[in-house]
Amino acid sequence: MHSFENILLEKAAANVYCLTVNRPKVLNALNQATLQDLAAALDVVASDQDARVLLVTGSGEKSFVAGADISQMQGLTPLQAKRFGEQALAIFRRFETLDIPVIALVNGFALGGGCELAMSCDFIFAADNAKFGQPEVSLGVTPGFGGTQRLPRLVGRAMAMEMLVSGRMLDANEALQRGLVNHVYPQAELMEQGLKMAAKIAKNGPTAVKFSKELVQRGQDLDLENACAMESDLFGLCFATEEQSEGMQAFLEKRKANF
Ligand code: CAA
C-alpha cells in the first residue's frame, strides 16, 4: 500500500494495482492535490515491471468521481484554469499511454472530470448505480479534461453533443447501450468482476498485451494504411520475444502458457 493524501494505491492481486480516488466527503472531486497524487501513483505503477493491469475506482458507494473540485476552481483566473486543464489532460493522457491496460470501475457518479477520467481508461465496467455526464455547461464552462474530444469518439458525435449541451446524465444501462461502458454489474460485484478481468489479462503475454494497447491508442489517430503498417511492425516484433516461443509452444504441447 502506497500512501497519498487523496488516493489509495494498493496491490489488489499479484500484478494488479487498484487506484482509488479517496475524497468521499466531496464525492471524490478532483482538486489540484488529487491530480498530483494521481501523477505520483502513475509513476509507481509505471516503474513496476511486474504490473499487468491497473484498476481505477472511487471511494464509497455513491461516487466514482463527481468532477473537478468546484470550490477550488471557482476562484481561478483564466490562465490558472487553462493550466489546471492542461495539467489534468497530461495526467489523463498517461492512463492512455501506460504500458498496461487500465480499467475504470465506475461505482456511482462519473460527472465532468470524473466521466473524463473514466474515458481516459482503456475501458469501463459500471456498477448498476453509475451515472455518466458532462454537466459543465450548467456551471457556465465547457469540459476541460478532454470531454469534448473523448466523448464523441466513444459514443458518436450526436449523442456526445446531446450530453455536452444539455448536461443530461446517462444511467448505467443507457451508457451500456451507447457503448460507453463494456458491462454493468451490481455494485457489490463490481470489484470482483474487475479483478476477474484483470486476472484474465494477466495470464496473457505481457508484451503482446502492451503492443495491442499501443496499436489501438496510436492507430486510432492514423490513416488505416499507416496504422496497419504499424501493426505489421509490432506483430513482427512479437516474434523476437520469448513470450511468442512459449505461447505457441504451449499451444502445440496442449498446455497452458507460462508467461
Ligand atoms: N466539487 C466540489 N464538491 C463537490 C463536487 C464537485 N465536483 N461534487 C460534489 N461535491 C460535494 C458537495 O458540495 C457536497 O459537499 P457538502 O457536503 O460540503 O455540501 C458533497 O460533495 C456531497 O454532494 P451533494 O450533497 O451535492 O450530494 P447529492 O447526492 O445531493 O448530489 C451530485 C450528487 C448530483 C453528484 C452533486 O453533488 C453534483 O451535482 N455535483 C457536481 C457535479 C458537477 O457539476 N461536476 C462537474 C464539475 S466541473 C468539471 O469537472 C470541469 C471539468 O471538466 C474539468
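The structure is a predicted model, in which local features need pLDDT of at least 70 and side-chain atom pairs count only at pLDDT 80 or more, while totals for chains, interfaces and linings use all residues. Residues are numbered from 1 along each chain as its sequence is written, and side-chain values use heavy atoms, with hydrogens and water left out.

We can start with the ligand. Its shell holds 22 residues, of which Lys62, Ala68, Gly113, Glu116 and Glu136 come nearest (a residue is near if one of its heavy atoms lies within 4 Å). By class, the shell comprises 13 nonpolar, four polar and five charged residues (Ala, Val, Leu, Ile, Met, Phe, Trp, Tyr, Cys and Pro count as nonpolar, Asp, Glu, Lys and Arg as charged, and the others, Gly among them, as polar). At least two shell residues come from each of α2 (70–73), β7 (109–111) and α4 (113–120) (DSSP runs numbered from the N terminus: helices, H or I, at least four residues; strands, E, at least two).

A side-chain N or O atom of Glu136 lies 2.5 Å from a ligand oxygen atom, and a backbone N or O atom of Ile70 is 2.9 Å from a ligand nitrogen atom. Of the 980 Å² of accessible area that the ligand has on its own, the protein covers 62% (Shrake-Rupley method, 1.4 Å probe).

Turning to Gly219, this residue lies in helix α9 (residues 206–219). Gly219 is buried, with a relative accessible area of 13% (buried means under 20%, with a 1.4 Å probe and protein chains only). Beyond its neighbours within four places in sequence, Gly219 is in contact with Glu214, Ala227 and Met230 (heavy atoms within 4.5 Å).

Note on methods:
A polar contact is a pair of N or O atoms within 3.5 Å; within protein, one must be able to donate a hydrogen and the other to accept it, and residues adjacent in sequence count only if both atoms are side-chain atoms. Buried means under 20% relative accessible area, exposed over 50%, partly exposed in between (1.4 Å probe, protein chains only).
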